[in-house]
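Welcome! Take a look at the sequence and the model below, and then let us walk through some of the contacts together.

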Amino acid sequence: MSAAPKLFACPKDTAIVLLGTGVVGCALLRLLATPAASGLYLVGAANSRRQIANARGVVPTQVFAALGASTLPRDDAALLAALDASGASCRVVVDATASGEEAAQHAAWLAAGFHVVSANKAATGEKLSAWQDLHRAAARGAVSYGDAATVGAGLPVLSTLRRLHACGDRLLALDGVFSGSLSWLFNHFDGSRPFSALLRDARAFGYTEPDPRIDLGGADVARKLLILARSAGHALDVADVEIESLVPPQLRDIDMADFLNRMEELDGEIEARRAQAAREGGVLRFLARLDERGRAHVGLTQVAPTHPAARLAGTDNLFALTTQRYQVQPLVIQGPGAGPEVTAQALLGDLLTLRRNVAA
Ligand SMILES: NC(=O)C1=CN([C@@H]2O[C@H](COP(=O)(O)OP(=O)(O)OC[C@H]3O[C@@H](n4cnc5c(N)ncnc54)[C@H](OP(=O)(O)O)[C@@H]3O)[C@@H](O)[C@H]2O)C=CC1
Ligand SMILES: N[C@@H](CC=O)C(=O)O
């Protein structure tokens, strides 16, 4: 790299490698260049094809140019080596990819003593055994797992649930809208534009998963429901969630480029459902629910215009937590639940918490 990197100010500084330089990763790089990120030093970055690493520090604003010029092959081990060589007492892998392969490494990184901060939900929102392995590994490595970005794009919902759980409160039910992209889509879907045109916009704004079928198919919402339930002490597995997919069978198994060319095939059925709901005086919202008997469901539901989910705007998420101590009225958390800036801020918040804890 040509940039003259800054040497670490002291061993208590925090060294970071960033996996993923897409919508969220790029927004995090912008934040790492601000005074709020002082004491956090980037020593490596990677996309799916290339990487850069320099134990003396990488300048966040120069990452894209450096990646463009890099001939280094993708190799996580070289990034971890840069963390080690940095001499920092706090070494963190930030996962801003949607990669299952990277998520599968989180437990190993934790066990090896690296902190992990993740926007990627694949490690904690899928198999229960993976969730359990990850938490055992964090304990073994005496390190932390920062997951604020994985639910509500950093809305204070996981922190709140954990606090209630630590106080002995018990989650009885969970309701709401857990997807920023689906919230935005159904908040705008009034029949004036085809659903597929709105989906293209949601993708361009950076609200959807890299493959939007993960959102439309309900998998992203199910992951968030599982992360929430598990954080509140419920040992739920993927098979415990009933999922209604909005992706028709012929679009489920084709490759992503084909899907993106055929999104208009979504339009007929979803418009029929919207029109039917409108005739009955309702609107469609993609809702998630975990009930008192532990039954979990995510899917498209017709609701009245007075329903709390019908009154959301933009990418708003809504989490209604019914607990033993919030039983008469649920505790409600609402706000934007997708987008690069808020998600990157959630990652930065986790990094700053780690730095504070390690320095203490
Ligand atoms: N967008 C949002 O509002 C939110 C997103 N998230 C989560 O953040 C993550 C990233 O989302 P987003 O930024 O929107 O997605 P993007 O598709 O914009 O970016 C994904 C990035 O990951 C890179 N990547 C893929 N595989 C690997 C790999 N094995 N090693 C290193 N890099 C890799 C891609 O590389 P390449 O450029 O080469 O393709 C790309 O740079 C997802 O897990 C998503 O669920 C969470 C909350 C909100
Ligand atoms: N694709 C996700 C992004 C945040 O997790 C969503 O739509 O909520």
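A polar contact here is a pair of N or O atoms within 3.5 Å; within protein, one must be able to donate a hydrogen and the other to accept it, and residues adjacent in sequence count only if both atoms are side-chain atoms. This is a predicted model, in which local features need pLDDT of at least 70 and side-chain atom pairs count only at pLDDT 80 or more, while totals for chains, interfaces and linings use all residues. Residues are numbered from 1 along each chain as its sequence is written, chains are lettered from A and ligands numbered from 1 in the order in which they are written, and side-chain values use heavy atoms, leaving out hydrogens and water.

## Around the ligand

A backbone N or O atom of Asn47 lies 3.3 Å from a nitrogen atom of ligand 1. An oxygen atom of ligand 1 lies 2.9 Å from a backbone N or O atom of Val23. Lys121 brings a polar side-chain atom to 2.9 Å from an oxygen atom of the ligand. On its own, ligand 1 has 900 Å² of accessible area, and the protein covers 83% of this (Shrake-Rupley method, 1.4 Å probe; for residues, only the protein chains shown count as cover).

Which residues come nearest to ligand 1? They are Ser48, Arg49, Thr97, Glu209 and Gly339, out of 25 residues around the ligand (a residue is near if one of its heavy atoms lies within 4 Å).

## Aromatic pairs

Rings of Phe, Tyr and Trp (its six-membered ring) pair if their centres lie within 6.5 Å; planes under 30 degrees apart count as stacked, over 60 as edge-to-face and the rest as tilted. By this rule there are 7 aromatic pairs. Trp184 and Phe205 make an edge-to-face pair, because their planes stand at 75°, with ring centres 5.7 Å apart.

Trp184 is buried, at 8% relative accessibility, while Phe205 is partly exposed at 44% (buried is under 20% relative accessible area, exposed over 50%, partly exposed in between, with a 1.4 Å probe and protein chains only). Trp184 also pairs with Tyr207: the centres are 6.1 Å apart and the planes at 55°, so this pair is tilted. Trp184, Phe205 and Tyr207 form one aromatic cluster.

## Charges over rings

A charge sits over a ring if NZ of Lys or CZ of Arg is within 6 Å of the ring centre and within 35 degrees of the ring normal. Arg91 lies over the face of Phe114, 4.4 Å from the ring centre. Over the ring of Phe189 sits the charged end of Arg274, 5.9 Å from the centre.
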